[in-house]
Amino acid sequence: MTRDIFQPSGQIQFGIFFQGVNSGTIWKAPEAGSQTDFESFRHIAQTAERGKFAAFFLGEGLRLREHLGRPHALDVVGRPDAQTMLAALAAVTRNIGLVATQNTTYNDPADLAHRLSSLDLISGGRAAWNIVTTDNAWTGANFRRGGYLDHADRYKHAEAFVETAKRIWDSWETPTGPARRVLHEGQHYTVDVTPRLPRSAQYRPVLFQAGDSPDGRDFAARQADVIFSAHPKFDAAVEFRRDIVARSVAAGRGANAVQIMPASEFILGATDQEAQEKKAWVRSLQIGPQQAIAYLEQFWGRELSSYDPDGPLPEIDPVVEKTSETRGSGFHGAKARQLADQWRAEAKDKGLSIRQFVSSKTARIDSTFTGSYTAVADHLAEYARVGAVDGFNISPWLIPTGLDDIVNHLVPELQERGVYPTEYRGTTLRENLGLETPVRSEQPAHV
Amino acid sequence: MSTFEERKAGFLAVELDGAGYEGIAAAVLAAESAGFHAATFKDTPEAGRANALQRAAFAGPVTRTIAVVPEIDTVYTEPFHVSTQLASLDYVSGGRAGWIATAAVSPEAAAAVGRSFVEGDALAQEAAASIEVSRRLWDSWEDDAVIRDVATGRYIDVDKLHYADFETPADFSGAAYSVKGPSIIPRPLQGQLPVLAAASLVGEGLVPSDAVDAVLVSAPTPELLAAEVRDARARLGSSVAIVAELDVVLDARGQSAATRQVPSPESGLARFVGSAADLTELLGSLLNEADGVRLHLAALDVELEELSRLVLPELRRRGALRPPVQDGTFRDVLGLAPAENRYSTTAVAPLAAGK
């Protein structure tokens, strides 16, 4: 069947991920603006829209990252609630999709589905949900339920949550109602709701998902419209596409049903040399000496301030067996001693100082595109030609002007090459991504 | 809080639920142009109603003066989310956000999130707990916590961030919970958002009066409203602003109010039916007693037009309305002093010096 064979669209699109936390966004340069003023968000969103970006992403904060038992001080931190900010941005934008990262563990399905429907209606069909899961009790300390979910159950729980949300969005018989009642009895919660909102101009919010484990990929292949992937480099992207196509077809969906937009960073210049110089400057501001030491302290579980950031990695051993979840989900679970041995060997091997080593570990080397506008455009055109990805979700390293050069210089180069939209296709996110409208499930509400 | 002289000039709020999700910008701009001080967004559990907080957030960037004040339930919501959503609303509205804290009496809302139905005294306990969580989280970052100190590499001063460490009290009827903090967003622009609640939810044995900045007072008829306002003032003291609730049907577009086909008012809400001139008189006298009046309009566009043309200009002429503050905060509208931070490490209170 042709729907089982992947067809490259020949196009790529961009999304923008306003991070609001962590070391990727530099704050030490005079150009670095506010991370919380509405004007920063407005500038970035309107710039992205000028560049025909498909989507504007926000992450979700559930607890502040900590360092040795206190809030981490060295990186950008403090960000707004995603859906509240996106509802405000809906008022000052017309076409760009509005993507809220929202957790399935510390939200209730009926409430979250309702709020996402609201955002979708308020924005005229531009809302999306980036589905994430968490399980740790440390995050749960901010919520009524506390920690209640086993790590192993997180996708099972998330999938039941997403299916319940989809039934809520399917519930109105006609655009004016009435709604059918939605019931769900799960291990951790029950839902019994008669949904209040009609379908939107794009039927229901678009679903993004970012899981990368085999379970996470299968979950995305069954449920998601777009994967926010971690594989932007060409060969890895091609391989990831092959894997996701196989999983989507196995899940009974078409080979093109699930789109892929990897996380990425762009450091550009008029020439390759200028871009490389800019990259060195960006890196030095992303990971300063204090951040380099603090990064190791998370894994060593002890203070290392007596070590020279420009010297070798500490010879003393870590005091924690497992690294702390307080550092954020990406760090959770690594064995500290084993990791320290491995890193010391690696740093020695490559002749890297603490600062150079940490920079190489944290700077998203695998997701950075560095070069002249034309060279990067040529490279991206190749992704479009083979269909390695459907687009890139760009994290600007500078707020609020971090998209300016991309929109002013890279986008026109891509448009000239015929691989990037010159206009929005429609007014909804689903139209602009070229996704099919879901078919309403006739599945009864009682499951 | 306010002296009698100040109180004579009051504020007017208008409820905009009727604008739906497609007419938010037009309705809030019309209300702002008419000179209303605040727009409120009910969270009616009816079909077709979008989330109140998001409607308020949408209204934020399109306006400059009017406060945007959503209703948010405290019983079946997560206090941590509510707090950060409201703080975010304050950012997107430039410090013009407020919160009408409600306690839903709703078996449907309970079933939707799989919780036990809460009623009776437990409602005020839930509301009090959620308000306390929000207030602690709003203070959990001091105003100057973001220091961007390049020399030491510190973006924030961690000494200016604080754990909220909230726990429900021992006599809490519902499921006990705790909230650790700090907030995920810096302190709101206003420091503390003004919190409003129905007067019936506030007082001894209920939500403590010092937990709220204003109460909404209802009466079955307009004639009884002034007495209710006086009762609430006597019961709650002068530190809580009193807002009278009034439903309005006006003579409009050649039709007398009495003959217009309009939906019945919400139960328990006083309804005024009559001319713009009579409404002006009523509001003038109510504003002598209350700090503000919130109007519920029978038909949003029809009543807004009459109010903006005939009622608000006359009230302004009489000095019954506070002048709107361009780029002011909702705290300014309510005449509230800057919010002190309960965790503040920098401001040394004079009384504490001798300790």
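**Entry 1: confidence**

I began with the scores. The predictor gives the complex an ipTM of 0.95 and a pTM of 0.95. For chain B I noted a mean pLDDT of 93, with 95% of its residues at 70 or more. Two stretches of chain B fall below 50: residues 1-6 and residues 348-355. I looked up what they touch beyond near neighbours in sequence. Residues 1-6 of chain B have 8 contacts in the model, and residues 348-355 of chain B have 1 contact. A reminder to myself: where pLDDT is low, predicted coordinates should not be read in detail.

**Entry 2: chain A as a whole**

Chain A has 14 helices and 14 strands. I asked how its radius of gyration sits against the globule rule. A compact globule of 447 residues would come out near 22 Å, and chain A has 22 Å, so the two agree. Along the principal axes, its C-alpha atoms fill a box of roughly 70 × 50 × 45 Å. Of its 447 residues, 51% count as buried. I also checked sequence separation: among contacts in chain A with a separation of 6 or more, 75% join residues 24 or more positions apart.

**Entry 3: chain B as a whole**

I ran through the list again for chain B, which has 10 helices and 13 strands. With 355 residues, the rule for a compact globule gives a value near 20 Å; chain B has 21 Å, which agrees. The C-alpha trace of chain B spans about 70 × 45 × 40 Å along its principal axes, and 54% of its 355 residues count as buried. Residues 24 or more positions apart supply 75% of the chain B contacts with a separation of 6 or more.

**Entry 4: where the chains meet**

Next I turned to the interface. I found 53 residues of chain A in contact with 48 residues of chain B. Which elements of chain A give two or more residues to this side? They are strand E4 (70-71), helix H2 (82-90), helix H3 (109-122), strand E8 (190-193) and helix H9 (289-300). H3(A) has the largest share, with 8 residues. By residue class, the side of chain A that touches chain B holds 29 nonpolar, 13 polar and 11 charged residues.

**Entry 5: H5 and H6 of chain A**

Then I picked out a helix pair. Helix H5 (residues 154-169) and helix H6 (residues 214-223) of chain A pack at an angle of about 10°, their axes 11 Å apart. Angles under 35 degrees count as roughly parallel, and H5(A) and H6(A) are therefore roughly parallel to each other. From H5(A), the contact uses Tyr155(A), Ala158(A), Glu159(A) and Val162(A); from H6(A), it uses Asp215(A), Gly216(A), Phe219(A) and Gln223(A). I sorted these into 4 nonpolar, 2 polar and 2 charged residues.

**Entry 6: Ala257(A)**

My last stop was a loop residue. Ala257(A) lies between helix H7 (234-250) and strand E11 (259-260) of chain A. Is Ala257(A) buried or partly exposed? Ala257(A) has 18 other C-beta atoms within 10 Å, so I logged it as partly exposed; buried would take 20 or more. Its C-alpha atom is 9.7 Å from that of Arg222(A), 35 residues apart along the chain.

Note on methods: Residues are numbered from 1 along each chain as its sequence is written. Chains are lettered from A and ligands numbered from 1 in the order in which they are written. This is a predicted model: local features need pLDDT of at least 70, side-chain atom pairs count only at pLDDT 80 or more; totals for chains, interfaces and linings use all residues. Axes are lines fitted to C-alpha atoms, for helices over the stretch in contact, and angles run from 0 to 180 degrees between N-to-C directions. Helices (H or I, at least four residues) and strands (E, at least two) are DSSP runs, numbered from the N terminus. Angles under 35 degrees count as roughly parallel, over 145 as roughly antiparallel, 65 to 115 as roughly perpendicular and the rest as oblique. Two residues are in contact if their C-beta atoms, placed from the backbone, lie within 7 Å. Ala, Val, Leu, Ile, Met, Phe, Trp, Tyr, Cys and Pro count as nonpolar, Asp, Glu, Lys and Arg as charged, and the others, Gly among them, as polar. pLDDT is the predictor's confidence in each residue, from 0 to 100. The radius of gyration is taken over C-alpha atoms; the globule rule is 2.2 Å times the number of residues to the power 0.38. A residue is buried if 20 or more other C-beta atoms lie within 10 Å of its own, exposed if 12 or fewer, and partly exposed in between; C-beta atoms are placed from the backbone.
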